[in-house]
Amino acid sequence: MIALITSNPFLQRLSEGGTGMYFILIAFLLSIVFIVLAFIKKNKNVRSSNKMIGLAAESSLVALVMGCLASVMGIIELFDMLEAIGETRPDLFAAGIKVSLLTITFGLFSFTVARIGILAYKWSLNSGDNK
């Protein structure tokens with residue numbers, strides 16, 4: 001299992017970002033599942049499809065907010081560590097900032113991908129009305 005994490009750059013970054021990254025990943029995957037379900041149900045049940053898109057929007061927003069929260073928590077942990085050590089070393093400071101930036105980046109990525117999916121769904125509804 002350790003060899004799989006160290007050999008895959010995505011899994012390596014995911015584990016570097018801390019536990020917040022896994023919560024963001026769950027919210028991201030939920031967004032994707034809701035978008036796929038909305039596309040599947042689009043022609044059969046429009047009300048259910050719109051509900052799925054609403055859930056995708058909410059879960060993408062949760063991913064973004066969790067990324068922000070984990071980023072702030074990472075910066076707080078960085079300052080706690082620097083306070084405990086008593087000295088500011090650039091390598092430790094850079095590592096702490098990198099970890100906090102990983103979470104916000106993944107949260108932003110998750111939000112953007114889900115929003116593009118939602119936009120594609122809404123565009124497909126509008127293009128279907130013109131036929």
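**Close-up views of a predicted model**

View 1. An unreviewed UniProt entry annotates residues 59–110 as "domain: MotA/TolQ/ExbB proton channel". UniProt positions follow the numbering used here, feature names are shortened, and annotations may be inferred rather than shown by experiment. The model is predicted: local features need pLDDT of at least 70, side-chain atom pairs count only at pLDDT 80 or more, and totals for chains, interfaces and linings use all residues. Residues are numbered from 1 along each chain as its sequence is written, and side-chain values use heavy atoms, without hydrogens and water. Residues 59–110 are 92% helix and 0% strand. Their end C-alpha atoms are 10 Å apart. Helices (H or I, at least four residues) and strands (E, at least two) are DSSP runs, numbered from the N terminus.

View 2. Met-81 belongs to helix H4 (residues 46–85). Its relative accessible area is 31%, so Met-81 is partly exposed (buried is under 20%, exposed over 50%, partly exposed in between; 1.4 Å probe, protein chains only). Gly-96 is 15 residues from Met-81 in sequence. Their C-alpha atoms are 9.1 Å apart.

View 3. The unreviewed UniProt entry lists residues 20–40, 61–79 and 99–121 as "transmembrane region". Residues 20–40 are 100% helix and 0% strand, with end C-alpha atoms 31 Å apart. Residues 61–79 are also 100% helix and 0% strand. There the end C-alpha atoms lie 27 Å apart.

**View 4. Phe-23 on helix H3.** Phe-23 is found in helix H3 (residues 20–41). Phe-23 is partly exposed, because its relative accessible area is 48%.
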